[in-house]
Amino acid sequence: MQVTETLNEGLKRGYSIVITAAELDGKVNEKLKEAQPEVEMKGFRKGKVPMALLKKQFGPRVLGEAMQESVDGAMNEHFEKSGDRPAMQPEVKMTNEDWKEGDDVNVEMSYEALPAIPEVDFSDIELEKMVVKADDEAVDEALKNLAETAQNFKDRAANVKSKDGDQVVIDFAGKVDGELFEGGSAEDYPLTLGSNSFIPGFEEQLVGVKKDEEVAVTVSFPEDYQAPHLAGKEAVFDCTIKSVKKPVAAEIDDELAKQFGAEDLAALKGQIAERLEGEYAGAARAVMKRALLDALDAKVSFELPPSLLDAEAKQIAHQLWHEDNPEVEGHDHPEIETTEEHLKLAGRRVRLGLLLAELGQKAEVEVTDAEMTQAIMNQARQYPGQERQFFEFIQQNQQMQQQLRAPLFEDKVVDHIFEQAKVSDKEVAKDVLEKAIEALDEE
């Protein structure tokens, strides 16, 4: 096998690979000898078929395998010797298209090599970590929100009409074509107006009713209603309003605390403060991470593979186009051209991505199975009732696993750098942190 360099410009590499006919023939013979003990053929005992006959019968098929293995082996040997790491899958093509058995195989391989990543000294990187304490006002606001989620309902005066958000307690009997139907009647049913828990149009007709009023509600069942005999049909519900109740927030006391699993109100406040400070810490970390990436972007410079740069710029342009055109859900749209701004952003992402990958590899950063499992479970919660199917889908999909692993790996590398940089705590008010987070979203 002969490998000759044909291109070496920047990160672009090109090589001519020649695999001799003798090498191929030797590999074919090797494969046939390996298979010979298991081959059976009419007129011969198992394992006793002559090599010449084996070669005549199976040679062409084995030759294709040997050719592919030889090319793959030549590429792997080249990368081991050169130390090059291709940025993307190398382009490989056979140049002697009129090849026939007995000829050498001529192959051209081209790729873009990943650049050498310079050593980085993190000791002169200075970062501020915002620290926000959960004050009484924030805790009280969170308590108020909890009380609203645990709301009760209180009777309105007899002559007061119902409003959206009120609860009406009703007796109702539904009829289709003048006949009562199964499941269409109930007594003392508490219905929150605006909850959309009844047939579309039902709740809206009970806004403005009073206690002891009788109302006929006319609605049509949806065409795709789960009971086929009612789908698409008009129904009339005779309703008697037993009471009209307004929503009232629960009292903020020990009883409320017990509803949320706390021993008393003081313990609940402590839990809320701890949760809030955890949220603040997460937001502060995001701000500090952006500051770190900005510092690394300014500190480190190296040549970028054009193929990676182009692919990233196209992805950014495509994503931003869809954000500007949310009504287009598919990809049946005109070709999106990349701009200088897309290329600039792509350059930052590719540079930082390659840098963090190199730093993580050198620091032997790994994402554990437990961390991956937790990440998958967090994603699965977005699909209530289908968690198991989602979990199995991720387990069988390497690309999805990589999409979940990548941000976990990046965060662990960032934490590794935080440990080496100069990080100082800075206590700030909540609104200062909020403004810093808003600034991240605007960039």
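I shall begin with the basis of the values and then take the pockets.

This is a predicted model, in which local features need pLDDT of at least 70 and side-chain atom pairs count only at pLDDT 80 or more, whereas totals for chains, interfaces and linings use all residues. Residues are numbered from 1 along each chain as its sequence is written, and side-chain values use heavy atoms, with hydrogens and water left out.

The largest pocket holds about 1600 Å³ of space. Its lining comprises 34 residues, and those closest to the centre are Glu-312, Arg-349, Val-350, Gly-353 and Glu-410. A pocket here is an open set of points on a 1 Å grid over the protein atoms alone, where a 1.4 Å probe fits, with protein on both sides within 12 Å along at least five of seven lines; lining residues have an atom within 4 Å of a point. Volume is the space filled by probe spheres set on the points, which are joined across faces, edges and corners.

Which helices supply at least two residues each of this lining? They are helix 5 (265–299), helix 6 (306–324), helix 7 (340–362), helix 10 (398–420) and helix 11 (430–442). Helix 7 provides the largest share, 11 residues. Helices (H or I, at least four residues) and strands (E, at least two) are DSSP runs numbered from the N terminus. By class, the lining has 15 nonpolar, 5 polar and 14 charged residues; Ala, Val, Leu, Ile, Met, Phe, Trp, Tyr, Cys and Pro count as nonpolar, Asp, Glu, Lys and Arg as charged, and the others, Gly among them, as polar.

Next, the helix contacts. The axes of helix 7 and helix 10, lines fitted to C-alpha atoms over the stretch in contact, come within 9 Å and cross at roughly 70°, on a scale from 0 to 180 degrees between N-to-C directions. The two helices are therefore roughly perpendicular, the term for angles of 65 to 115 degrees. In contact, meaning heavy atoms within 4.5 Å, Leu-356, Ala-357, Leu-359, Gly-360 and Gln-361 of helix 7 meet Phe-409, Glu-410, Val-413 and Ile-417 of helix 10.

Helix 5 and helix 10 have axes that come within 11 Å and cross at roughly 75°, which makes this pair roughly perpendicular as well. Their contact has 6 nonpolar, no polar and 5 charged residues.

Finally, the second largest pocket holds about 240 Å³. Among its 15 lining residues, Gly-183, Ile-199, Phe-221, Tyr-225 and Phe-237 are closest to the centre. Strand 8 (residues 179–192) gives the most, 5 residues.

The whole structure has 13 aromatic pairs, with ring centres of Phe, Tyr or Trp (its six-membered ring) within 6.5 Å. Phe-181 and Phe-221 have ring centres 5.8 Å apart and planes at 80°, so the pair is edge-to-face, that is, over 60 degrees.

Definitions and conventions: Parallel < 35°, antiparallel > 145°, perpendicular 65-115°, else oblique. Phe/Tyr/Trp six-rings, centres within 6.5 Å; stacked < 30°, edge-to-face > 60°.
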